Amino acid sequence: MSTPRDTGPPALEEAAIWQLVEFGSYTADLPLWQELTEAAAGPVLELGGGAGRVSLHLAETGAELIAVERDPALAARLQESAAERDLSVSVAVADLAAPADLRLPGGPALALGPLHLIQELDGATRPALLARLAELMAPGATIALTVVDETTLLSSGAASTQILPDMRELDGWVYSSEPLWVQVGDQALTVRRLRERVSPDGQRERGVHDDILHRVSPDRLELEAEEAGLSRAGRRQISSGPDEADSAVVLLEVPA
């Protein structure tokens with residue numbers, strides 16, 4: 001007698017699954033992070049390590065990574081993935097919205113904030129995190145933070161409903177996440193996605209998910225950084241392709 005197939009979801013936490021679906025194939029920013037990592041004389045800090053898209057990639061090149069992640073399950077998954085691949089990644093569980101509690105093993109030479117991580121914090125919390133990084137980073141360290149380039153938001157089609165969904169198959173389950181629209185408010189950008197998963201036996205589950213990004217321009221972020229004791233160190237641009245808004249990368253320097 002054959003054993004019925006287990007149709008339970010993959011043995012991954014929900015947050016890790018959607019990280020893989022929605023951002024796992026995103027590579028537009030990796031060349032810049034690699035360039036900055038190669039120029040850094042010391043450990044690299046990733047703010048918001050998630051499932052390890054950036055940290056694992058950089059560690060594969062021989063870099064020493066410190067990843068900060070607020071979700072304990074995601075942090076454990078990232079640490080496990082690094083250990084399985086014998087990579088130098090140290091994961092700290094911390095909420096960047098409470099920067100006073102942030103502790104790091106040593107002073108990193110470079111900090112990265114991919115995927116508009118800094119915009120998950122509001123105008124009250126963001127300056128506090130910048131000030132805390134100024135305290136924790138090595139003298140002369142570089143901090144690179146991405147923000148949405150709003151000048152490309154509409155022209156990219158990112159506010160339309162014509163963008164193809166992100167898709168991934170995991171253990172026979174098919175996941176898709178379709179961007180529906182971006183709402184530009186006075187204080188925040190709301191990114192709405194239709195998330196769907198289909199089990200191996202065809203059962204379908206659907207739900208709507210909103211990501212909230214607090215609006216901050218590169219100019220404003222630089223001013224907040226200066227007030228926190230950091231210096232401006234230039235800007236870079238990440239082109240994400242025809243269907244997504246680009247990112248402006250604000251570079252900051254810790255006093256030597």
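This is a predicted model: local features need pLDDT of at least 70, side-chain atom pairs count only at pLDDT 80 or more; totals for chains, interfaces and linings use all residues.
As background, most residues other than glycine have a negative phi.

Aspartate 86 also has a positive phi without being a glycine, here of about 55°. This aspartate is found in the loop between helix H4 (72-84) and strand E3 (89-93). Aspartate 86 counts as exposed, because its relative accessibility is 70% and the exposed class begins over 50%.

A further positive phi, near 50°, is taken by aspartate 171 in the hairpin of E6 and E7. Between the two strands of this hairpin there are 2 residues. Strand E6 covers residues 166-170 and strand E7 covers residues 173-184. The two strands pair in the antiparallel sense, and 5 bridges connect them. Within this pairing, methionine 167 stands opposite serine 176 in E7. In general, side chains in a regular strand alternate between the two faces of the sheet.

At the level of the whole protein chain, the secondary structure comprises 6 helices and 11 strands. The radius of gyration is 19 Å, close to the 18 Å that the globule rule gives for 256 residues, so the chain is as compact as a globular protein of that length. Along the principal axes, the C-alpha atoms fill a box of roughly 70 × 45 × 30 Å. Of the contacts with a separation of 6 or more, 66% are between residues 24 or more positions apart.

Buried residues account for 48% of the 256 residues. The accessible surface of the protein chain amounts to about 12,300 Å², and carbon and sulfur atoms contribute 49% of this area. The charged side chains consist of 20 positive and 41 negative ones. The centres of the positive and negative sets lie 3 Å apart.

Notes:
Residues are numbered from 1 along each chain as its sequence is written. Side-chain values use heavy atoms; hydrogens and water are left out. Helices (H or I, at least four residues) and strands (E, at least two) are DSSP runs, numbered from the N terminus. The radius of gyration is taken over C-alpha atoms; the globule rule is 2.2 Å times the number of residues to the power 0.38. Buried means under 20% relative accessible area, exposed over 50%, partly exposed in between (1.4 Å probe, protein chains only). Contact means heavy atoms within 4.5 Å. Accessible areas come from the Shrake-Rupley method with a 1.4 Å probe; for residues, only the protein chains shown count as cover. Lys and Arg count as positive and Asp and Glu as negative; His and the chain ends are not counted. The place of a charge is taken as NZ of Lys, CZ of Arg, CG of Asp or CD of Glu. Two strands pair if DSSP finds at least two bridges between them.
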